[in-house]
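Visitor: I'm new to this one. Can you walk me through it?

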Amino acid sequence: MGWFWADANFKRNSAANFASMETSSSPSKCPVMPTKNESSTSGCPVMPSKSETSTSGCPVIADDAPAHGINPLNNMPYSLDEVKQPGQKLDLSTSGTVSSIPKGTTDSQGNPEYWEFPSPQKMYNAMLRKGKIDPNTGEQIPEDAVESMVFVHNYLNEGCWEEILEWEKPYIEAANQAPKLWKFMGKPHQLTPRARCYHWLGMLFPSKFSSELPFDRHDWIVLRPDPNSVSGDHPGYRSVRYVIDFYGGPDDEHGLPTFHLDVRPGLDNLTNAKDRFRKWTQPVLDKYFPNDNRKI
């Protein structure tokens with residue numbers, strides 16, 4: 001799990017009005033269950049609410065999008081435009097940001113390719129199509145908030161990848177090769193069992209746990225280097241599903257919003273189950289048996 005928050009330069013005029021934002025991250029210090037102050041929903045405009053489906057160019061796939069004209073790796077239209085819309089007052093940037101997240105493909109010269117985050121104009125157009133922006137009044141999400149939203153959005157997705165790399169560290173060291181992100185999907189309507197469990201615990205023990213639900217969920221399919229894999233699509237790699245719950249955390253001491261990512265391998269097989277068990281028990285063994293070289 002990881003926490004992300006805005007620094008003191010962040011000015012929040014409303015839940016949807018982000019401006020002049022910079023973000024930072026802290027090391028993951030995750031208990032088995034979140035405390036009451038660790039998980040809370042927020043009206044964050046960066047990620048979709050449970051009733052919405054993300055259509056930005058980021059690592060999110062809506063699981064119910066039409067197949068025609070849609071890229072199956074990110075469920076985005078191949079012809080997603082970046083044209084300024086009628087009634088739009090501000091000129092938004094059309095420059096996307098190349099992430100540090102490698103794709104499962106290479107270019108014609110065999111060089112690695114990287115996922116690109118959406119430009120502010122592309123995100124604005126996507127939100128307009130979803131009905132999140134009134135083309136006549138600009139209500140719901142102000143135009144001047146879009147660029148800051150894209151900044152936070154990109155930062156959180158980079159944070160997701162950093163968390164995944166921590167999980168993949170033993171396999172990276174064994175293969176001396178980094179994983180790649182093959183595809184991803186947004187499942188805002190589907191609560192994970194763990195999120196539901198946290199919610200129930202919060203109802204039963206409100207002084208210990210939060211009953212707030214995540215405001216979004218993603219599933220990311222990662223290609224893990226595996227020389228024994230003979231996959232037809234990706235020989236030498238094994239696909240691993242990661243589940244990510246997004247929470248809005250409590251405001252910090254400056255009154256600035258924080259975000260909480262709960263990233264872990266899906267319980268699809270014994271290997272993933274072992275990785276999750278090792279993740280939470282290894283720190284305990286290291287603490288109480290510092291001279292013991294055993295690894296689970």
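Guide: One term to start: buried means under 20% relative accessible area, exposed over 50%, and partly exposed in between (1.4 Å probe, protein chains only). Helices (H or I, at least four residues) and strands (E, at least two) are DSSP runs, numbered from the N terminus.

Visitor: Where do the numbers come from?

Guide: This is a predicted model; local features need pLDDT of at least 70, side-chain atom pairs count only at pLDDT 80 or more, and totals for chains, interfaces and linings use all residues. Residues are numbered from 1 along each chain as its sequence is written, and side-chain values use heavy atoms, with hydrogens and water left out.

Visitor: How many residues of β8 are buried?

Guide: Ten of its ten. Both faces are covered. Asp216, His218, Trp220, Val222 and Arg224 are buried on one side; Arg217, Asp219, Ile221, Leu223 and Pro225 are buried on the other.

Visitor: Why two sides?

Guide: In a regular strand the side chains alternate between the two faces of the sheet.

Visitor: Which strands pair with β8?

Guide: Strand β7 (residues 180–186) pairs with β8 in the antiparallel sense, over six bridges. β9 also pairs with β8 in the antiparallel sense, over ten bridges. Two strands pair if DSSP finds at least two bridges between them. Phe184 has Trp220 in β8 as its bridge partner. Asp219 stands opposite Val243 in β9.

Visitor: Where does α2 bend?

Guide: At Glu168, by about 60°. Pro170 follows within four residues. The bend is the angle between axes fitted to the seven residues ending there and the seven starting there.

Visitor: How many aromatic pairs are there?

Guide: A search of the whole structure finds three. One of them is Trp167 with Trp280, edge-to-face, 5.9 Å centre to centre with 90° between the planes. Trp167 is in helix α2 and Trp280 in helix α4 (residues 270–288), 113 residues apart. Rings of Phe, Tyr and Trp (its six-membered ring) pair if their centres lie within 6.5 Å; planes under 30 degrees apart count as stacked, over 60 as edge-to-face and the rest as tilted.

Visitor: Are those two buried or partly exposed?

Guide: Trp167 is buried, at 4% relative accessible area. Trp280 counts as partly exposed, at 24%.
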